[in-house]
Amino acid sequence: MQGNQKLNLFSFTMIVVGLVIGMGIFRTAATSAKDAIEPSVYFTAWILGGFVALCGALTYAEIGSRYPVTGGYYKVFSYAYHPSIAFAINCIILISNAASLSAVALIGSGYITKLFPGVAWTDIDKALISCGAIIFFYGINLMGLKMSSRAQNILMLIKIGMIVVLILALFFPHDQGAVVAAATTAPVGAVESMSWIQSLGISLIAVSFTYGGYQQTINFGNEVNQPAKNIPRGIFIGIAIIIILYLLVNLSYYTIVGFDQMKGEKEIAYVVMERTFGAKGADIFSFFLFFGVLAYVNALLMSNPRVMYAMSEEKTLPSSFAKQNPKNQVFTFSLTVFAAMCIVILFFAQTFDKILNFTIFLDCFGMVASSATIFILRKRTKHLDGTGIFKMKLFPLMPLIFMSAYLFVGISIAMQTPDTAFVGFCVLLGFMLIYFISTKFRKPITENKQ
(Lines give C-alpha, C1' and ligand atoms only; values in the text may rest on other atoms or scores of the structure.)
Protein backbone atom coordinates (compact mmCIF):
# COMPACT_ATOMS: atom_id res chain seq x y z
CA MET A 1 0.00 0.00 0.00
CA GLN A 2 1.15 3.54 -0.76
CA GLY A 3 2.67 5.44 2.16
CA ASN A 4 0.01 8.17 2.19
CA GLN A 5 -2.69 5.52 2.72
CA LYS A 6 -0.98 3.98 5.77
CA LEU A 7 -2.67 4.17 9.18
CA ASN A 8 -0.80 5.96 11.95
CA LEU A 9 -0.94 4.97 15.63
CA PHE A 10 -3.82 7.31 16.51
CA SER A 11 -5.98 6.20 13.58
CA PHE A 12 -5.29 2.54 14.26
CA THR A 13 -6.11 2.98 17.98
CA MET A 14 -9.41 4.66 17.05
CA ILE A 15 -10.20 1.68 14.78
CA VAL A 16 -9.57 -0.67 17.73
CA VAL A 17 -11.89 1.34 19.94
CA GLY A 18 -14.44 1.62 17.11
CA LEU A 19 -14.48 -2.12 16.48
CA VAL A 20 -15.13 -2.85 20.16
CA ILE A 21 -17.42 -0.04 21.27
CA GLY A 22 -20.44 -0.55 19.07
CA MET A 23 -23.94 -0.34 20.51
CA GLY A 24 -23.14 -2.97 23.11
CA ILE A 25 -22.36 -0.71 26.06
CA PHE A 26 -25.63 1.17 25.44
CA ARG A 27 -27.69 -2.04 25.39
CA THR A 28 -26.02 -5.21 26.71
CA ALA A 29 -25.63 -3.85 30.24
CA ALA A 30 -29.34 -4.57 30.69
CA THR A 31 -28.95 -8.11 29.30
CA SER A 32 -25.97 -8.80 31.53
CA ALA A 33 -27.82 -7.48 34.60
CA LYS A 34 -30.88 -9.60 33.75
CA ASP A 35 -28.75 -12.74 33.87
CA ALA A 36 -26.93 -11.79 37.09
CA ILE A 37 -28.42 -12.99 40.37
CA GLU A 38 -26.80 -10.16 42.33
CA PRO A 39 -24.63 -7.05 41.73
CA SER A 40 -21.42 -8.93 42.62
CA VAL A 41 -21.99 -11.24 39.65
CA TYR A 42 -22.66 -8.28 37.36
CA PHE A 43 -19.54 -6.32 38.20
CA THR A 44 -17.37 -9.45 38.34
CA ALA A 45 -18.48 -10.24 34.79
CA TRP A 46 -17.45 -6.79 33.54
CA ILE A 47 -14.12 -6.80 35.37
CA LEU A 48 -13.36 -10.36 34.27
CA GLY A 49 -14.41 -9.48 30.73
CA GLY A 50 -11.95 -6.60 30.69
CA PHE A 51 -9.11 -8.78 31.97
CA VAL A 52 -9.86 -11.45 29.38
CA ALA A 53 -9.98 -8.79 26.66
CA LEU A 54 -6.56 -7.56 27.77
CA CYS A 55 -5.16 -11.11 27.59
CA GLY A 56 -6.68 -11.48 24.14
CA ALA A 57 -5.40 -8.09 23.02
CA LEU A 58 -1.84 -8.98 23.97
CA THR A 59 -2.17 -12.35 22.23
CA TYR A 60 -3.49 -10.79 19.00
CA ALA A 61 -0.85 -8.09 19.25
CA GLU A 62 1.87 -10.72 18.97
CA ILE A 63 -0.01 -12.59 16.24
CA GLY A 64 -0.29 -9.34 14.26
CA SER A 65 3.41 -8.59 14.75
CA ARG A 66 4.54 -12.07 13.72
CA TYR A 67 2.14 -12.28 10.78
CA PRO A 68 1.42 -8.71 9.54
CA VAL A 69 -0.55 -9.33 6.35
CA THR A 70 -3.77 -7.83 5.00
CA GLY A 71 -6.68 -10.09 5.91
CA GLY A 72 -4.64 -11.62 8.73
CA TYR A 73 -7.64 -12.93 10.66
CA TYR A 74 -8.36 -15.26 7.73
CA LYS A 75 -4.80 -16.02 6.71
CA VAL A 76 -3.68 -16.98 10.19
CA PHE A 77 -6.16 -19.90 10.13
CA SER A 78 -5.01 -21.00 6.71
CA TYR A 79 -1.32 -20.72 7.64
CA ALA A 80 -1.57 -22.44 11.03
CA TYR A 81 -4.28 -25.05 10.36
CA HIS A 82 -5.91 -25.75 7.00
CA PRO A 83 -7.70 -23.62 4.37
CA SER A 84 -10.96 -25.52 5.02
CA ILE A 85 -11.00 -24.37 8.66
CA ALA A 86 -10.09 -20.84 7.59
CA PHE A 87 -12.90 -20.83 5.03
CA ALA A 88 -15.55 -22.24 7.39
CA ILE A 89 -14.79 -20.05 10.40
CA ASN A 90 -14.36 -16.87 8.39
CA CYS A 91 -17.58 -17.40 6.44
CA ILE A 92 -19.34 -17.72 9.78
CA ILE A 93 -17.58 -14.62 11.10
CA LEU A 94 -18.53 -12.61 8.00
CA ILE A 95 -22.19 -13.58 8.42
CA SER A 96 -22.04 -12.89 12.15
CA ASN A 97 -20.40 -9.50 11.58
CA ALA A 98 -22.95 -8.53 8.95
CA ALA A 99 -25.78 -9.50 11.30
CA SER A 100 -24.18 -7.59 14.18
CA LEU A 101 -23.71 -4.50 12.00
CA SER A 102 -27.35 -4.65 10.93
CA ALA A 103 -28.58 -5.14 14.49
CA VAL A 104 -26.46 -2.26 15.79
CA ALA A 105 -27.70 0.01 13.01
CA LEU A 106 -31.29 -0.89 13.91
CA ILE A 107 -30.71 -0.09 17.57
CA GLY A 108 -29.15 3.22 16.56
CA SER A 109 -32.19 4.05 14.46
CA GLY A 110 -34.32 3.28 17.51
CA TYR A 111 -32.55 6.08 19.37
CA ILE A 112 -32.89 8.60 16.54
CA THR A 113 -36.63 7.92 16.17
CA LYS A 114 -37.12 9.01 19.79
CA LEU A 115 -36.67 12.55 18.54
CA PHE A 116 -40.08 12.24 16.84
CA PRO A 117 -42.37 10.69 19.47
CA GLY A 118 -45.50 11.71 17.59
CA VAL A 119 -44.64 9.50 14.62
CA ALA A 120 -45.73 5.86 14.63
CA TRP A 121 -42.42 4.38 13.53
CA THR A 122 -42.59 0.84 12.14
CA ASP A 123 -39.82 -1.74 11.93
CA ILE A 124 -39.62 -1.08 8.18
CA ASP A 125 -39.10 2.63 8.82
CA LYS A 126 -36.23 1.91 11.22
CA ALA A 127 -34.75 -0.56 8.74
CA LEU A 128 -34.83 2.10 6.00
CA ILE A 129 -33.02 4.59 8.27
CA SER A 130 -30.40 1.95 9.04
CA CYS A 131 -30.12 1.08 5.35
CA GLY A 132 -29.47 4.72 4.53
CA ALA A 133 -26.65 4.82 7.11
CA ILE A 134 -25.03 1.70 5.63
CA ILE A 135 -25.22 3.10 2.09
CA PHE A 136 -23.74 6.43 3.24
CA PHE A 137 -20.71 4.79 4.85
CA TYR A 138 -20.37 2.43 1.92
CA GLY A 139 -19.83 5.57 -0.16
CA ILE A 140 -17.31 6.92 2.37
CA ASN A 141 -15.30 3.69 2.21
CA LEU A 142 -15.31 3.78 -1.60
CA MET A 143 -13.22 6.95 -1.31
CA GLY A 144 -10.30 5.10 0.25
CA LEU A 145 -8.87 4.02 3.58
CA LYS A 146 -7.63 7.51 4.41
CA MET A 147 -11.08 9.04 4.05
CA SER A 148 -12.83 6.24 5.96
CA SER A 149 -10.27 6.43 8.77
CA ARG A 150 -10.82 10.18 9.06
CA ALA A 151 -14.56 9.59 9.32
CA GLN A 152 -13.83 6.92 11.91
CA ASN A 153 -11.79 9.35 14.01
CA ILE A 154 -14.61 11.92 14.02
CA LEU A 155 -17.32 9.36 14.80
CA MET A 156 -15.26 7.78 17.56
CA LEU A 157 -14.70 11.15 19.21
CA ILE A 158 -18.49 11.65 19.17
CA LYS A 159 -19.06 8.18 20.64
CA ILE A 160 -16.42 8.62 23.33
CA GLY A 161 -18.04 11.98 24.09
CA MET A 162 -21.39 10.24 24.64
CA ILE A 163 -19.77 7.75 26.98
CA VAL A 164 -18.10 10.59 28.90
CA VAL A 165 -21.51 12.27 29.28
CA LEU A 166 -22.90 9.03 30.76
CA ILE A 167 -20.01 8.94 33.21
CA LEU A 168 -20.38 12.62 34.14
CA ALA A 169 -24.05 11.97 34.92
CA LEU A 170 -22.76 10.40 38.16
CA PHE A 171 -21.80 13.86 39.38
CA PHE A 172 -25.14 15.54 38.60
CA PRO A 173 -28.26 15.34 40.78
CA HIS A 174 -30.77 12.71 39.67
CA ASP A 175 -34.06 11.28 40.85
CA GLN A 176 -33.09 8.85 43.62
CA GLY A 177 -36.75 8.18 44.36
CA ALA A 178 -37.16 6.52 40.99
CA VAL A 179 -34.30 4.16 41.77
CA VAL A 180 -35.82 3.15 45.10
CA ALA A 181 -39.25 2.66 43.53
CA ALA A 182 -37.78 0.54 40.78
CA ALA A 183 -36.01 -1.67 43.30
CA THR A 184 -39.33 -2.46 45.02
CA THR A 185 -41.39 -3.04 41.87
CA ALA A 186 -38.98 -4.71 39.47
CA PRO A 187 -39.94 -8.31 38.61
CA VAL A 188 -37.89 -11.08 40.09
CA GLY A 189 -36.33 -13.21 37.37
CA ALA A 190 -35.90 -16.94 37.27
CA VAL A 191 -32.13 -16.47 37.39
CA GLU A 192 -32.29 -16.43 41.20
CA SER A 193 -32.43 -20.22 41.16
CA MET A 194 -29.02 -20.41 39.46
CA SER A 195 -25.71 -20.74 41.24
CA TRP A 196 -23.25 -17.84 41.36
CA ILE A 197 -20.94 -19.50 38.79
CA GLN A 198 -23.81 -20.37 36.43
CA SER A 199 -25.07 -16.81 36.62
CA LEU A 200 -21.57 -15.47 35.94
CA GLY A 201 -21.23 -17.66 32.84
CA ILE A 202 -24.53 -16.48 31.36
CA SER A 203 -23.89 -12.84 32.30
CA LEU A 204 -20.52 -13.07 30.52
CA ILE A 205 -22.27 -13.79 27.19
CA ALA A 206 -23.46 -10.20 26.81
CA VAL A 207 -20.20 -8.89 28.29
CA SER A 208 -18.16 -10.91 25.77
CA PHE A 209 -20.15 -9.40 22.92
CA THR A 210 -19.53 -5.91 24.28
CA TYR A 211 -15.77 -6.45 24.60
CA GLY A 212 -15.40 -8.32 21.29
CA GLY A 213 -14.19 -6.98 17.96
CA TYR A 214 -10.57 -6.04 18.63
CA GLN A 215 -9.31 -9.30 17.09
CA GLN A 216 -10.29 -7.96 13.66
CA THR A 217 -7.56 -5.35 13.86
CA ILE A 218 -5.01 -7.87 12.59
CA ASN A 219 -6.91 -7.72 9.28
CA PHE A 220 -5.18 -4.42 8.59
CA GLY A 221 -1.70 -5.98 8.88
CA ASN A 222 0.77 -4.16 6.65
CA GLU A 223 -1.69 -1.29 6.08
CA VAL A 224 -0.52 0.08 9.44
CA ASN A 225 2.55 2.27 9.49
CA GLN A 226 5.38 0.37 11.25
CA PRO A 227 3.11 -2.62 12.05
CA ALA A 228 5.54 -4.41 14.37
CA LYS A 229 5.46 -1.40 16.68
CA ASN A 230 2.07 0.23 16.13
CA ILE A 231 -0.17 -2.87 16.04
CA PRO A 232 0.58 -3.94 19.63
CA ARG A 233 0.62 -0.34 20.87
CA GLY A 234 -2.70 0.46 19.20
CA ILE A 235 -4.40 -2.66 20.55
CA PHE A 236 -3.05 -2.20 24.08
CA ILE A 237 -3.96 1.50 24.29
CA GLY A 238 -7.37 0.88 22.73
CA ILE A 239 -8.30 -1.94 25.12
CA ALA A 240 -7.11 0.06 28.14
CA ILE A 241 -9.38 2.96 27.09
CA ILE A 242 -12.30 0.58 26.60
CA ILE A 243 -11.93 -1.14 29.99
CA ILE A 244 -11.88 2.16 31.87
CA LEU A 245 -14.86 3.57 29.96
CA TYR A 246 -16.96 0.40 30.35
CA LEU A 247 -16.46 0.14 34.10
CA LEU A 248 -17.31 3.80 34.68
CA VAL A 249 -20.42 3.65 32.46
CA ASN A 250 -21.66 0.57 34.31
CA LEU A 251 -21.18 2.37 37.61
CA SER A 252 -23.34 5.17 36.22
CA TYR A 253 -26.07 2.72 35.17
CA TYR A 254 -26.00 1.00 38.55
CA THR A 255 -26.10 4.23 40.54
CA ILE A 256 -28.70 6.17 38.55
CA VAL A 257 -31.02 3.45 37.21
CA GLY A 258 -30.64 0.84 39.96
CA PHE A 259 -29.64 -2.79 39.57
CA ASP A 260 -33.15 -4.27 39.55
CA GLN A 261 -34.62 -1.84 37.01
CA MET A 262 -31.59 -2.26 34.74
CA LYS A 263 -32.84 -5.78 34.03
CA GLY A 264 -35.84 -4.49 32.10
CA GLU A 265 -34.44 -1.41 30.34
CA LYS A 266 -33.41 -1.97 26.72
CA GLU A 267 -32.45 1.66 26.04
CA ILE A 268 -30.74 2.13 29.37
CA ALA A 269 -28.60 5.11 28.31
CA TYR A 270 -31.74 7.08 27.46
CA VAL A 271 -33.11 6.41 30.96
CA VAL A 272 -29.89 7.70 32.55
CA MET A 273 -30.05 10.92 30.52
CA GLU A 274 -33.76 11.40 31.18
CA ARG A 275 -33.33 11.10 34.95
CA THR A 276 -30.31 13.38 34.97
CA PHE A 277 -31.01 16.03 32.33
CA GLY A 278 -34.71 15.59 31.58
CA ALA A 279 -36.50 14.47 28.42
CA LYS A 280 -34.98 17.20 26.25
CA GLY A 281 -31.46 16.30 27.37
CA ALA A 282 -32.18 12.64 26.62
CA ASP A 283 -33.36 13.55 23.11
CA ILE A 284 -30.19 15.53 22.40
CA PHE A 285 -28.13 12.63 23.69
CA SER A 286 -29.99 10.19 21.41
CA PHE A 287 -29.29 12.40 18.39
CA PHE A 288 -25.52 12.37 18.94
CA LEU A 289 -25.52 8.74 20.06
CA PHE A 290 -26.93 7.70 16.68
CA PHE A 291 -23.88 9.17 14.93
CA GLY A 292 -21.52 7.69 17.49
CA VAL A 293 -23.00 4.26 16.86
CA LEU A 294 -22.26 4.69 13.17
CA ALA A 295 -18.56 4.39 14.02
CA TYR A 296 -19.18 0.67 14.50
CA VAL A 297 -20.87 0.47 11.10
CA ASN A 298 -17.96 2.26 9.45
CA ALA A 299 -15.34 0.13 11.23
CA LEU A 300 -16.90 -3.16 10.08
CA LEU A 301 -17.22 -1.85 6.53
CA MET A 302 -13.49 -1.08 6.67
CA SER A 303 -12.42 -4.41 8.16
CA ASN A 304 -14.49 -7.22 6.64
CA PRO A 305 -13.75 -6.62 2.92
CA ARG A 306 -10.10 -7.29 3.81
CA VAL A 307 -11.08 -10.76 5.00
CA MET A 308 -12.75 -11.40 1.66
CA TYR A 309 -9.60 -10.16 -0.09
CA ALA A 310 -7.48 -12.61 1.90
CA MET A 311 -9.85 -15.50 1.13
CA SER A 312 -9.67 -14.61 -2.55
CA GLU A 313 -5.87 -14.66 -2.46
CA GLU A 314 -6.13 -18.18 -1.01
CA LYS A 315 -8.43 -19.10 -3.94
CA THR A 316 -11.35 -19.94 -1.63
CA LEU A 317 -13.32 -17.03 -3.09
CA PRO A 318 -13.36 -15.88 -6.73
CA SER A 319 -10.56 -13.55 -7.84
CA SER A 320 -12.98 -10.63 -8.17
CA PHE A 321 -12.97 -10.28 -4.35
CA ALA A 322 -9.26 -9.35 -4.51
CA LYS A 323 -9.65 -6.57 -7.06
CA GLN A 324 -8.60 -3.12 -5.89
CA ASN A 325 -9.25 0.34 -7.21
CA PRO A 326 -5.86 1.38 -8.67
CA LYS A 327 -6.27 4.96 -7.40
CA ASN A 328 -7.04 4.38 -3.72
CA GLN A 329 -6.56 0.60 -3.19
CA VAL A 330 -10.21 0.05 -2.18
CA PHE A 331 -11.46 -3.55 -2.39
CA THR A 332 -14.49 -2.37 -4.33
CA PHE A 333 -16.16 -5.70 -5.08
CA SER A 334 -15.62 -7.11 -1.57
CA LEU A 335 -16.90 -3.90 0.01
CA THR A 336 -19.99 -3.95 -2.22
CA VAL A 337 -20.78 -7.59 -1.42
CA PHE A 338 -20.39 -7.10 2.33
CA ALA A 339 -22.56 -3.96 2.32
CA ALA A 340 -25.19 -5.86 0.33
CA MET A 341 -25.08 -8.71 2.89
CA CYS A 342 -25.70 -6.20 5.68
CA ILE A 343 -28.68 -4.69 3.88
CA VAL A 344 -30.23 -8.09 3.12
CA ILE A 345 -29.79 -9.24 6.73
CA LEU A 346 -31.12 -5.88 7.91
CA PHE A 347 -34.57 -6.68 6.55
CA PHE A 348 -34.61 -10.32 7.66
CA ALA A 349 -32.57 -10.43 10.90
CA GLN A 350 -34.33 -10.63 14.23
CA THR A 351 -33.79 -8.48 17.30
CA PHE A 352 -30.47 -7.85 18.99
CA ASP A 353 -31.29 -10.08 21.96
CA LYS A 354 -32.27 -13.03 19.78
CA ILE A 355 -29.11 -13.04 17.70
CA LEU A 356 -26.79 -12.40 20.67
CA ASN A 357 -26.30 -16.02 21.79
CA PHE A 358 -25.88 -17.30 18.23
CA THR A 359 -23.34 -14.61 17.40
CA ILE A 360 -21.25 -15.19 20.53
CA PHE A 361 -21.37 -18.99 20.21
CA LEU A 362 -19.98 -18.73 16.68
CA ASP A 363 -17.39 -16.21 17.85
CA CYS A 364 -16.19 -18.67 20.50
CA PHE A 365 -14.94 -20.96 17.71
CA GLY A 366 -12.99 -18.14 16.09
CA MET A 367 -11.59 -16.73 19.34
CA VAL A 368 -10.25 -20.02 20.67
CA ALA A 369 -8.92 -21.25 17.32
CA SER A 370 -7.32 -17.96 16.27
CA SER A 371 -5.66 -17.24 19.63
CA ALA A 372 -4.27 -20.80 19.70
CA THR A 373 -2.27 -20.02 16.55
CA ILE A 374 0.19 -18.08 18.72
CA PHE A 375 1.68 -21.42 19.81
CA ILE A 376 2.22 -22.42 16.18
CA LEU A 377 3.47 -19.01 15.10
CA ARG A 378 6.05 -18.89 17.91
CA LYS A 379 7.59 -22.11 16.60
CA ARG A 380 7.48 -21.16 12.92
CA THR A 381 8.73 -17.58 13.35
CA LYS A 382 11.52 -18.02 15.88
CA HIS A 383 13.79 -16.16 13.47
CA LEU A 384 11.80 -12.97 14.22
CA ASP A 385 12.65 -13.00 17.92
CA GLY A 386 14.94 -10.13 18.81
CA THR A 387 14.14 -8.19 15.61
CA GLY A 388 11.90 -5.61 17.32
CA ILE A 389 8.55 -7.41 17.05
CA PHE A 390 6.15 -7.41 19.98
CA LYS A 391 6.54 -10.46 22.26
CA MET A 392 4.14 -10.76 25.17
CA LYS A 393 5.25 -11.50 28.69
CA LEU A 394 3.74 -14.24 30.87
CA PHE A 395 3.47 -16.60 27.89
CA PRO A 396 1.67 -19.05 27.71
CA LEU A 397 -0.48 -17.89 30.64
CA MET A 398 -2.11 -14.98 28.78
CA PRO A 399 -3.43 -16.95 25.76
CA LEU A 400 -4.46 -19.88 27.99
CA ILE A 401 -6.57 -17.56 30.18
CA PHE A 402 -8.17 -16.08 27.08
CA MET A 403 -8.97 -19.45 25.52
CA SER A 404 -10.32 -20.86 28.79
CA ALA A 405 -12.63 -17.88 29.23
CA TYR A 406 -14.20 -18.31 25.79
CA LEU A 407 -14.56 -22.05 26.31
CA PHE A 408 -16.42 -21.21 29.53
CA VAL A 409 -18.72 -18.80 27.67
CA GLY A 410 -19.33 -21.32 24.87
CA ILE A 411 -20.24 -24.04 27.37
CA SER A 412 -22.55 -21.60 29.19
CA ILE A 413 -24.38 -20.88 25.92
CA ALA A 414 -24.65 -24.58 25.10
CA MET A 415 -26.17 -25.26 28.54
CA GLN A 416 -28.57 -22.33 28.33
CA THR A 417 -29.63 -22.76 24.67
CA PRO A 418 -28.55 -26.17 23.34
CA ASP A 419 -30.41 -25.57 20.06
CA THR A 420 -28.18 -22.57 19.36
CA ALA A 421 -25.05 -24.66 19.96
CA PHE A 422 -26.31 -27.43 17.68
CA VAL A 423 -27.08 -25.01 14.85
CA GLY A 424 -23.65 -23.41 15.30
CA PHE A 425 -21.89 -26.77 14.93
CA CYS A 426 -23.97 -27.64 11.87
CA VAL A 427 -23.19 -24.30 10.19
CA LEU A 428 -19.47 -24.76 10.84
CA LEU A 429 -19.47 -28.31 9.43
CA GLY A 430 -21.60 -27.16 6.50
CA PHE A 431 -19.08 -24.53 5.42
CA MET A 432 -16.23 -27.02 5.73
CA LEU A 433 -18.19 -29.40 3.48
CA ILE A 434 -18.75 -26.59 0.96
CA TYR A 435 -15.00 -25.95 0.90
CA PHE A 436 -14.08 -29.56 0.11
CA ILE A 437 -16.82 -29.85 -2.53
CA SER A 438 -15.68 -26.63 -4.19
CA THR A 439 -12.05 -27.84 -4.37
CA LYS A 440 -13.12 -30.50 -6.84
CA PHE A 441 -14.25 -27.82 -9.29
CA ARG A 442 -11.11 -25.68 -9.34
CA LYS A 443 -7.52 -26.28 -10.32
CA PRO A 444 -5.09 -27.12 -7.52
CA ILE A 445 -2.80 -24.27 -6.43
CA THR A 446 0.81 -24.40 -5.47
CA GLU A 447 1.28 -23.64 -1.77
CA ASN A 448 4.05 -21.43 -0.50
CA LYS A 449 5.93 -23.39 2.14
CA GLN A 450 8.12 -20.57 3.34
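Is the crossing of H5 and H6 right-handed or left-handed? The crossing of these two helices is right-handed. A crossing is left-handed if the near helix is turned anticlockwise from the far one by less than a right angle, and right-handed if clockwise.

This is a predicted model, in which local features need pLDDT of at least 70, side-chain atom pairs count only at pLDDT 80 or more, and totals for chains, interfaces and linings use all residues. Residues are numbered from 1 along each chain as its sequence is written, and side-chain values use heavy atoms, with hydrogens and water left out.

## The chain as a whole

The protein chain has 16 helices and zero strands. Helices (H or I, at least four residues) and strands (E, at least two) are DSSP runs, numbered from the N terminus. Of the chain's 450 residues, 56% count as buried. Buried means under 20% relative accessible area, exposed over 50%, and partly exposed in between (1.4 Å probe, protein chains only).

Contact means heavy atoms within 4.5 Å. Among contacts with a separation of 6 or more, 85% join residues 24 or more positions apart.

## Helix pairs

Axes are lines fitted to C-alpha atoms, for helices over the stretch in contact, and angles run from 0 to 180 degrees between N-to-C directions.

| Pair | Angle | Axis separation |
|---|---|---|
| H5 (residues 83–112) and H6 (residues 123–142) | about 115 degrees | 8 Å |
| H9 (residues 196–211) and H15 (residues 397–416) | about 105 degrees | 9 Å |
| H3 (residues 39–66) and H10 (residues 227–256) | roughly 170 degrees | within 8 Å |

Start with H5 and H6. On the H5 side, the contact uses Leu101, Ala105, Leu106, Ser109, Gly110 and Ile112. H6 brings Lys126, Ala127, Ile129, Ser130 and Ile134. By class, these residues of H5 and H6 are seven nonpolar, three polar and one charged. Ala, Val, Leu, Ile, Met, Phe, Trp, Tyr, Cys and Pro count as nonpolar, Asp, Glu, Lys and Arg as charged, and the others, Gly among them, as polar.

How are H9 and H15 placed to each other? They pack at an angle of about 105 degrees, and are therefore roughly perpendicular. Angles under 35 degrees count as roughly parallel, over 145 as roughly antiparallel, 65 to 115 as roughly perpendicular and the rest as oblique. H9 contributes Ile197, Gln198, Gly201, Ile202, Leu204, Ile205 and Ser208 to the contact. From H15 come Tyr406, Phe408, Val409, Ser412, Ile413, Met415 and Gln416. The contact of H9 with H15 has nine nonpolar, five polar and no charged residues.

H3 and H10 cross at roughly 170 degrees, so they are roughly antiparallel. Their contact holds 23 nonpolar and four polar residues, with no charged ones.

H10 also holds Arg233. At 44% relative accessibility, Arg233 is partly exposed.

Pro305 sits in helix H12 (residues 268–313). Is Pro305 buried or exposed? Pro305 is buried, because its relative accessible area is 2%. Leaving aside neighbours within four places in sequence, Pro305 touches Leu300, Phe331, Ser334 and Leu335. Pro305 and Thr336 are 31 residues apart in sequence, and 8.5 Å apart from C-alpha to C-alpha.

Phe321 lies in the loop between H12 and helix H13 (332–348). Phe321 is buried too, with a relative accessible area of 12%. Beyond neighbours within four places in sequence, Phe321 is in contact with Met308, Tyr309, Ser312, Phe333, Ser334 and Val337. Met311 is ten residues from Phe321 in sequence, and 8.2 Å away from C-alpha to C-alpha.

The loop between helix H14 (352–380) and H15 contains Pro396. A cis peptide bond joins Phe395 and Pro396, with omega about 10 degrees. Leu394 is in the loop between H14 and H15. Leu394 is not a glycine, yet has a positive phi of about 60 degrees. With a relative accessible area of 55%, Leu394 is exposed.

## Cysteines

How many disulfides does a search of the whole structure find? The search finds zero. A disulfide is a pair of cysteine sulfur atoms within 2.5 Å. Cys55 is buried, at 0% relative accessibility. Cys91 is buried, at 12% relative accessible area.
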